[in-house]
Amino acid sequence: MAEINERYELNKELAQMLKGGVIMDVTTPEQAKIAEESGACAVMALERIPADIRAAGGVARTSDPKMIKSIQKAVSIPVMAKARIGHFVEAQILEAIEIDYIDESEVLSPADDVYHIDKTKFKVPFVCGAKDLGEALRRINEGASMIRTKGEPGTGDIVQAVRHMRKMNRQIAELSAREESELFQAAKELEAPYELVKYVHEHKKLPVVNFAAGGVATPADAALMMQLGAEGVFVGSGIFKSGNPAKRAAAIVKAVTNYKDAKILAELSEDLGDAMVGINESEIELLMAERGK
Amino acid sequence: MMRVAVLAVQGAFIEHERMLTGLGATVFEIRKKTDLEQDFDALVLPGGESTVMGKLLRELDLLEPLRKKIKSGMPVLATCAGLILLAEHISNDENVYFGTMPVTVKRNAYGRQLGSFEVEMEVKHVGKVPLRFIRAPFIEAAGEGVEILAKVDENIVAAQFRNQIALAFHPELTQSTDIHKYFLEHLTRA
């Protein structure tokens, strides 16, 4: 148990090192290189970026280990990869190739419609999506060492990520304001373990790092999420579905560093070429954020 | 009161800020060139991704002014990625950033995240402290004038060169403030 706890601490700490950074979706070693050179603090290796998964339809699974390994070879920054919700064997495979972080992700087709992966059984760290505080604490209880919003992937529409981040902030503020004797009831309402509810009450924050993910397409989107309290940003389709990926990627990285400086943000937003086309939330049939509770 | 600037372009800078504030220092962040207009007595280079920090240092025009300050004796505490920024050579990377410390470092020297670990160990001048290594580098070779402060197995993980302390591990992630205390009390007075 001591060894497992120690590993969990180290895994939470890797997420701390990623703070203030941008994690980019890449599908080839070439894209991974572009991402690294543009200032990504980590890359997410996947066969298809969310916008293409959405367009292709069908069952989306974890990526070919060979493709992930080629990306591991191409860059020196941490490499993450996605496993389907509940698919602990895909996660075992990713652990076997020494992935730095597993994203148990709603972007892929869920493999289990009831249970998430028991992440306490793994040595490699997991990041999971959460729409609200209860969901985040359930994932952390299962062993996630990093949380991200569950903004709608592959749409270029930021509205859901904003909604999740605001809800998380509001719930943390409300929980912090409650009396200690009310925390048992709060745990019940949040459907989350008492110990974690108590932690949030005391520290006024999640016990792990919380990033924004889903729908980030511009430097302004990234800075918006940072100003709302995200500790860093995932960018999926927003970069390699745009007109000038390297320039846009570098601009988003700088926007995350100087997210409060509107003058710098204005400069960064100039002349980036076409952003990804994007789909509005109301125009899509499949809400990936509804996968996993 | 001591004013400490913490490089805050990416990484785990808030952890350093909390620790330094707790020890009574006044802390501010460096994110852009105009932040350098303030006076400060010491500099902290935090953990994070060295490729990201190095690139941002260059493109935000922070690299040269900070290098000048380090060269002219500004006390620096560098952890993990910070060590890579200070090193004169990186054995598995062509980049050099500040290059103010005559050491050769190896990036990701312990491999991927599965290679991250913790030990407790004696650090010279400081005493026994917990050392946390997260995808950490180590120092492969140290040049003249570099004092070795700690080794894990045969590898140098902490070193001091004049005004610069560089660590492969993360004291800012622990409960122990001893290294930061040493930095504030001894180095900044030298």
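This is a predicted model: local features need pLDDT of at least 70, side-chain atom pairs count only at pLDDT 80 or more; totals for chains, interfaces and linings use all residues.
**Notebook: salt bridges, interface and cores**

Residues are numbered from 1 along each chain as its sequence is written, chains are lettered from A and ligands numbered from 1 in the order in which they are written, and side-chain values use heavy atoms, with hydrogens and water left out.

**Salt bridges within chain A**

I looked up A:R148 and found a salt bridge with A:E106, with the closest N and O atoms 2.9 Å apart. The pair links distant parts of the chain, 42 residues apart: A:R148 is in strand 6 (residues 146-149) and A:E106 in the loop between strand 4 and strand 5. Helices (H or I, at least four residues) and strands (E, at least two) are DSSP runs, numbered from the N terminus. Both A:R148 and A:E106 are buried, where buried means under 20% relative accessible area, exposed over 50% and partly exposed in between (1.4 Å probe, protein chains only).

I next examined A:K167, whose salt bridge with A:D132 has its closest N and O atoms 3.8 Å apart. A:K167 lies in helix 7 (residues 159-177) and A:D132 in the loop between strand 5 and helix 6 (133-141), so this pair ties together parts 35 residues apart in sequence. A:K167 counts as partly exposed because its relative accessibility is 31%; A:D132, at 16%, counts as buried.

A further salt bridge joins the side chains of A:K150 and A:E135 (2.6 Å, N to O). A:K150 and A:E135 are both buried.

**The loop between strand 4 and strand 5**

I recorded two residues of this loop of chain A, A:H116 and A:K119. A:K119 counts as buried because its relative accessibility is 2%, and A:H116 counts as buried at 15%. The side chain of A:K119 makes a polar contact of 2.8 Å with that of A:E142, and the side chain of A:H116 makes one of 3.3 Å with that of A:R139. A polar contact is a pair of N or O atoms within 3.5 Å; within protein, one must be able to donate a hydrogen and the other to accept it, and residues adjacent in sequence count only if both atoms are side-chain atoms.

**Between chain A and chain B**

I found 39 residues of chain A in contact (heavy atoms within 4.5 Å) with 33 residues of chain B. The count between the two chains is seven salt bridges. One of the salt bridges I looked up joins B:R132 and A:E13, with the closest N and O atoms 2.7 Å apart. Helix 1 of chain A gives the most to the side of chain A that touches chain B, with 10 residues. A:E6, A:E13, B:E118 and B:R132 are linked in a network of salt bridges.

**Nonpolar cores**

I took a nonpolar core as a set of buried Ala, Val, Leu, Ile, Met, Phe, Trp, Tyr and Cys residues joined through side-chain atoms within 4.5 Å. The largest has 145 residues, and those with the most contacts inside it are A:M146, A:M225, B:L7, B:I30, B:L43 and B:L66. Helix 12 of chain A provides the largest share of this core, six residues.

How values were computed. A salt bridge is a side-chain nitrogen of Lys or Arg within 4 Å of a carboxyl oxygen of Asp or Glu.
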